[in-house]
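Me: I am new to this structure and would like to be walked through part of it with care. Could we take it one question at a time?

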Amino acid sequence: MSLLGPVGLRAASAAVRPPSLMRLASTRARTPAAKAGFFLPSYRPNPSARLAFFTPSRLLSTSRARLDTASSISASTLLPSGSPSAHAAAFASGPAASATATARTIPRSLPTWLLGCSALVFGIVVIGGLTRLTESGLSITEWQPITGIRPPITEAEWDVEWEKYRVSPEGIMMNANIDRSEFKKIFYMEWAHRVAGRTLGVAFVVPMIYYMARYRLPRGLPLRLVALGLGIGFQGALGWYMVQSGLDQEIVSTNAVPRVSQYRLAAHLSAALALYVGMVHTALGLRRDVKLSAAATTAEGRAAVAQLVDALNAPAARRFKALVALAGAMVFATAVSGAFVAGLDAGLVYNEFPTMGGRLHPPADELMDARYAKRSDGSDKWWRNMLENPVTAQFDHRVLAMTTFTVLVAQHLVARRPVLRLGARALPRAAQRWSAWVAAAALGQVSLGITTLLYLVPIPLAAAHQAGSVVLLTTLMGLAASLRRPRQAMAALRTAAAQAGAFKTRL
């Protein structure tokens with residue numbers, strides 16, 4: 001019988017255990033126990049990218065924290081105190097491990113989902129333009145967010161919708177002679193526009209709830225997603241508010257043109273473009289952060305990210321970013337002025353370019369027509385002509401478009417300067433490519449606008465011109481995202497620097 005007892009024997013055997021057995025024990029301690037489960041591979045210390053695509057980050061962090069704790073306990077028990085390996089094990093169980101367990105993450109599917117929703121917004125904008133060009137927007141005289149998803153099917157249901165439209169201002173004054181088959185065409189155009197909006201709402205809200213409930217997202221991102229979701233609902237309500245302006249019976253009594261208010265049309269388009277810009281800018285920024293954060297896990301990648309940050313902080317790059325921001329604001333303002341041109345049918349006057357009536361600008365009495373003023377002193381004449389006079393609205397759109405085109409071409413020339421193209425502080429290659437695409441999109445958009453005007457606004461060209469404005473905004477958002485400072489990658493750099501400092505201190 002041994003005097004040490006069972007516990008003493010186990011301690012003595014551990015003290016004389018060969019190093020190979022100690023390494024084997026450490027390896028076994030790091031390996032999690034296999035359990036049956038559908039998502040089991042995603043919770044391992046190094047899950048595959050495919051299986052971690054939809055893995056809840058909070059569960060993944062918890063699993064990793066438990067494994068790191070177990071491994072650190074095993075290493076600290078088996079390794080002699082005072083050795084460098086023991087210090088490394090103690091560091092792994094210190095602040096770095098707790099930071100890893102509570103780290104915020106960006107799911108790889110989230111930027112893709114946002115880009116898909118922005119593609120839906122793009123399609124809705126195009127369908128909305130076709131709805132306006134075919135004069136279909138006033139064919140549905142009621143707003144039923146739930147029951148309106150189902151179109152009329154039986155003849156009795158079509159009779160009800162047909163009678164509602166026939167007593168509307170447009171049905172009385174413009175389409176009194178159309179038959180039911182023609183009414184069905186314009187009805188389905190407006191119905192498709194509304195159903196596309198509802199589809200966008202479901203496709204955005206449901207995944208948004210999932211991501212916010214299952215992932216620990218970066219600070220500020222949940223609030224931004226909620227704002228985008230509320231923007232979708234606001235856009236739907238604003239669309240009906242716009243349609244109501246064209247259903248007012250006062251149009252019949254005043255013998256006015258049955259169309260929606262150009263003010264509400266411009267607000268509706270502005271809200272759609274703002275929603276699209278928000279989705280695209282957020283998606284591209286997150287995708288870039290994910291890519292650079294992954295690169296920052298290696299020493300070489302951290303050096304590249306640090307060089308990128310240094311280049312984007314250079315004075316020349318900052319000035320170029322300011323120019324890009326100015327160009328984006330000008331493109332947005334030009335698109336909104338185009339909504340006033342569409343709402344006033346201003347594309348049907350002065351169908352020539354670059355002159356208007358044989359000169360660069362129309363007569364002054366047409367630009368500032370006193371008949372549009374509603375105040376006795378005429379103080380509102382200038383802004384009412386800009387927003388209600390078709391001649392002035394087209395002239396303003398021309399001036400804005402050509403000025404914006406000049407700025408867009410100039411930004412590419414600036415990006416080609418040696419200080420932004422060569423050297424350690426050169427712009428990223430992605431920024432150079434996006435800059436060229438912006439200039440190309442601007443050239444195509446101006447060509448479409450001039451052609452649409454010369455050919456008296458045919459529907460295919462006018463729809464392509466409206467879609468071109470969204471394409472131009474997309475290229476500008478891509479350029480702005482390539483010039484954005486990588487937030488997540490910079491956080492990874494700071495974490496790596498803090499871990500390295502803590503490690504040296506412990507040594």
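The questions and answers below concern a predicted model.

Me: Is L284 buried or exposed?
Reply: The place of L284 is in helix 12, which covers residues 262–295. A residue counts as buried when its relative accessible area is under 20%. The relative accessibility of L284 is 19%, and therefore L284 counts as buried.

Me: How do helix 12 and helix 20 pack, and at what angle?
Reply: Helix 12 passes helix 20, residues 459–482, in a right-handed crossing. Among the residues that make this contact are L284 and G285 of helix 12, together with M477, G478 and A481 of helix 20. The residues of the contact divide into ten nonpolar, six polar and one charged. The two axes are 9 Å apart, and the angle between the helices is about 35°.

Me: What distance separates the end C-alpha atoms of helix 6?
Reply: Helix 6 runs over residues 109–133 and has 25 residues, so at 1.5 Å a residue it should span 36 Å. The model agrees with this expectation, since the end C-alpha atoms of helix 6 are separated by 36 Å.

Me: Which residue with a positive phi follows helix 6?
Reply: The phi of the residue in question is near 55°. The residue that follows helix 6 with this positive phi is E135.

Note on methods. Residues numbered from 1 in each chain as written. Predicted model: local features only at pLDDT ≥ 70, side-chain atom pairs only at ≥ 80, totals over all residues. Heavy atoms only, no water. Helix = DSSP H or I, 4+ residues; strand = E, 2+ residues; numbered from the N terminus. Buried < 20%, exposed > 50% of the residue type's maximum accessible area, 1.4 Å probe, protein only. Expected span 1.5 Å × (residues − 1). Axes fitted to C-alpha atoms, helices over the stretch in contact; angles between N-to-C directions. Left-handed = near helix turned anticlockwise from the far one by under 90°. Contact = heavy atoms within 4.5 Å. Nonpolar A, V, L, I, M, F, W, Y, C, P; charged D, E, K, R; others polar.
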